[in-house]
Amino acid sequence: MNIVKVKDYQEMSAWASKQVIDKIKSSDQPVLGLATGSTPEGLYQDLIEAYKNHQVSFKNVTTFNLDEYVGLAADDPNSYNYFMNDKLFNHVDIDPSHTHLPNGVATDLEQECKDYEALIKNTGQIDLQILGIGINGHIGFNEPGSSFSDRTQIVKLVDSTIEANSRFFAHKEDVPTHAVTMGIKTIMESKEIILLASGESKAKAIKQLIEGEVTEDFPASILQQHPNATIVIDNAAASLLNA
Ligand code: PGA
């Protein structure tokens, strides 16, 4: 696991944006794995800026997002489908048919999980997967206790995740209780992974990720075993590390 230390959120976003642009340019048909949440918003803003400045085109890019809430349709402002359109896809020249997120309102969710997993497999490997990290070590919506051999599946969100994500909803009760998420095994099959973390609230999780043991009780810890994973942390997120 490579560790990259940067000053702050802006530097983290700029660093990640450069990696994504390089990855897009290095392949005829790049496949990106994308994340939602506050963490990658700056990255997406930087990518939009780079697109506007003619530094990158998304014409040949295919994307797969990590997860989606169960029960929220793509046009629901709290859905991750909506987030991705709003924060990135609507502002660049990506072909909408090349952008993929799980359908949180599929009538047969079990089948949706299988179909999503098959779609990733049929497209080929994800070249670069962007990740955030939950304060409990979740990646995607794979909560503590998830199996490292899990593939795309329906999961129940733990209370700390519902609490953390309630900031986007009018009431905590409005936060969906379940989600569809790529499994840890699916994530680990990406050729390259970049996990971003900024701010003091992530410092404890980052310490455990970098200095702790590999355990299903802390899902992100599996990244220690990925051949090409980079953890990008700002000063605040790095503040509890030994070195
Ligand atoms: P955040 O979420 O980027 O909004 O902090 C990260 C996560 O829960 O994976």
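This is a predicted model: local features need pLDDT of at least 70, side-chain atom pairs count only at pLDDT 80 or more; totals for chains, interfaces and linings use all residues.
# Exercises on the pockets, the cavity and the ligand site

The largest pocket of this structure holds about 530 Å³ of space.

**Exercise 1.** Determine which residues line the largest pocket nearest its centre, and which helix gives the most to the lining.

*Solution.* Step 1: the lining comprises 27 residues, and Gly37, Ile133, His138, Asn165 and Lys202 lie nearest the centre of the pocket. Step 2: helix α5, residues 159–165, gives the most to this lining, with four residues. Step 3: sorted by class, the lining contains 10 nonpolar, 14 polar and three charged residues.

**Exercise 2.** Identify where the ligand sits and which residues surround the ligand.

*Solution.* Step 1: the ligand takes up the space of the largest pocket. Step 2: the residues around the ligand are Gly37, Ser38, Thr39, Gly132, Ile133, Gly134, His138, Arg167 and Lys202. Step 3: this shell is made up of one nonpolar, six polar and two charged residues.

**Exercise 3.** Find the distances from ligand oxygen atoms to the side chains of His138, Arg167 and Lys202, and state how much of the ligand the protein covers.

*Solution.* Step 1: the cut-off for a polar contact is a pair of N or O atoms within 3.5 Å. Step 2: for His138, a polar side-chain atom is 2.7 Å from an oxygen atom of the ligand. Step 3: for Arg167, the separation between a side-chain N or O atom and a ligand oxygen atom is 2.9 Å. Step 4: for Lys202, the corresponding value is 2.6 Å, again between an N or O atom of the side chain and an oxygen atom of the ligand. Step 5: on its own the ligand has 280 Å² of accessible area, of which the protein covers 83%.

**Exercise 4.** Describe the lining of the second largest pocket.

*Solution.* Step 1: about 150 Å³ of space lies in this pocket. Step 2: its lining consists of Glu117, Ile120, Lys121, Gly124, Gln125, Ile126, Arg151, Thr186, Glu189 and Ser190. Step 3: helix α4, residues 109–123, gives the most, with three residues. Step 4: by class, two residues of the lining are nonpolar, four are polar and four are charged.

**Exercise 5.** State how many cavities of 30 Å³ or more the structure has, and characterise the lining of the largest cavity.

*Solution.* Step 2: the largest cavity contains about 30 Å³ of space. Step 3: Leu32, Leu34, Leu47, Phe58, Thr63, Leu88, Phe89, Val92 and Ile94 line this cavity. Step 4: eight of the lining residues are nonpolar, one is polar and none is charged.

Terms used:
Residues are numbered from 1 along each chain as its sequence is written. Side-chain values use heavy atoms; hydrogens and water are left out. A residue is near a molecule or strand if one of its heavy atoms lies within 4 Å of it. A polar contact is a pair of N or O atoms within 3.5 Å; within protein, one must be able to donate a hydrogen and the other to accept it, and residues adjacent in sequence count only if both atoms are side-chain atoms. Accessible areas come from the Shrake-Rupley method with a 1.4 Å probe; for residues, only the protein chains shown count as cover. On a 1 Å grid over the protein atoms alone, a cavity is a set of points where a 1.4 Å probe fits but cannot get out, and a pocket is an open set with protein on both sides within 12 Å along at least five of seven lines; lining residues have an atom within 4 Å of a point. A molecule sits in a cavity or pocket if more than half of its atoms lie within 2 Å of its grid points. Ala, Val, Leu, Ile, Met, Phe, Trp, Tyr, Cys and Pro count as nonpolar, Asp, Glu, Lys and Arg as charged, and the others, Gly among them, as polar. Grid points are joined across faces, edges and corners, and a volume is the space filled by probe spheres set on the points. Helices (H or I, at least four residues) and strands (E, at least two) are DSSP runs, numbered from the N terminus.
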